[in-house]
Amino acid sequence: MLRELFSADHPLLRHLPCWGASFLSAWHRTCRFHVVGKAHLRAALDKVPGGLLTTWHFAFPSVLYFFRHVNGILMVSRSRDGEWAARLAHCLGFQTVRGSSHRGGAQALRAMLRLTQKGHPAGLIADGSQGPPLRAQRGIVWLASVTGLPLVPLSLAADAAWRLPSWDRTLIPKPFAHIVIAAGDPICVPRRAADQDLEAFRGLLETRLHGLTELAQKTVSRTEALPSVPRGGGWAKRFRHQTLV
């Protein structure tokens with residue numbers, strides 16, 4: 001009964017994801033974004049096929065808003081929570097494939113491959129939909145190996161934010177906050193990599209993401225010296241014209 005009541009298909013709730021997307025956009029429009037590592041993002045977004053952008057789960061709301069205009073594709077789990085996330089992403093202009101390394105991964109991978117070959121950038125959550133938090137999952141590295149696409153790690157920090165009491169401690173920037181997004185060197189995982197190699201690359205991805213989180217935290221403390229991405233028009237539409245760090 002409760003599952004039906006809180007279903008995304010419930011008549012009283014079916015418009016909630018788009019309302020949430022509108023609220024998320026209005027909230028983040030008050031913030032100032034700064035980018036460190038623009039060359040890595042440009043390579044992932046401009047090349048066909050590009051790269052697999054990956055970040056921590058806690059950064060999902062702000063990252064989703066920031067990349068809303070890139071016509072990107074996200075891999076979202078088939079869980080009930082994943083259904084809500086997928087619908088929210090659709091309202092922000094993303095396409096989604098449903099699956100994970102544990103359920104429906106092969107089918108989702110084929111769909112993601114088709115779309116990346118058409119020029120759609122792809123995004124993945126490094127610590128998955130259920131955690132543990134801040135620990136990169138091996139399935140992400142396996143996907144990079146199978147697709148042959150480089151992993152492009154990124155993380156973020158805000159100078160003023162709340163943390164939700166969720167498993168990932170989701171970061172919600174306060175109104176008018178400065179947000180720094182830090183992107184790192186791509187990680188190229190060889191095709192048909194052995195098990196021990198996959199674990200080594202998993203550890204490398206995790207280390208890179210931790211380092212990028214620290215870099216973003218240090219950088220956000222001096223945002224007054226950095227150029228920011230204009231609020232209007234969307235980052236993706238004006239990316240080539242920005243002078244970013």
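Student: Which residues are linked in a network of salt bridges here?

Tutor: They are Arg 135, Glu 199, Arg 202 and Glu 206. By salt bridge I mean a side-chain nitrogen of Lys or Arg within 4 Å of a carboxyl oxygen of Asp or Glu. Before we go on: this is a predicted model, where local features need pLDDT of at least 70 and side-chain atom pairs count only at pLDDT 80 or more, while totals for chains, interfaces and linings use all residues. Residues are numbered from 1 along each chain as its sequence is written, and side-chain values use heavy atoms, leaving out hydrogens and water.

Student: What does the Glu 206 and Arg 135 salt bridge tie together?

Tutor: Those two side chains meet at 4.0 Å, N to O. Glu 206 lies in helix H8 (residues 195-220) and Arg 135 in the loop between E5 and H7, so the pair connects parts that are 71 residues apart in sequence. Helices (H or I, at least four residues) and strands (E, at least two) are DSSP runs, numbered from the N terminus. Glu 199 and Arg 202 also form a salt bridge, at 3.1 Å, N to O; both lie in H8, 3 residues apart, about one turn of the helix.

Student: Is Arg 202 buried or exposed?

Tutor: Buried means under 20% relative accessible area, exposed over 50%, and partly exposed in between (1.4 Å probe, protein chains only). Arg 202 has 7% relative accessibility, which makes it buried, and Glu 206 counts as buried at 16%. Arg 135 is partly exposed at 39%, as is Glu 199 at 33%.

Student: How many strands form the open sheet, and in what order?

Tutor: Two strands pair if DSSP finds at least two bridges between them. Here 7 strands run in the order E1-E9-E6-E2-E5-E3-E4, with mixed pairing. Strands E1 (32-36) and E4 (95-98) are the edges, each pairing on one side only. E3 (residues 73-76) pairs with E4 in the parallel sense over 4 bridges, and Met 75 stands opposite Val 97 in E4.

Student: Which helix packs on the sheet, touching E3 and E4?

Tutor: Contact means heavy atoms within 4.5 Å. For angles, axes are lines fitted to C-alpha atoms, for helices over the stretch in contact, and values run from 0 to 180 degrees between N-to-C directions. Helix H5 (residues 80-91) touches E3 and E4, its direction making about 160° with that of E4. Within H5, the side chains of Glu 83 and Arg 87 meet in a salt bridge at 2.5 Å, N to O; the two are 4 residues apart, about one helical turn.
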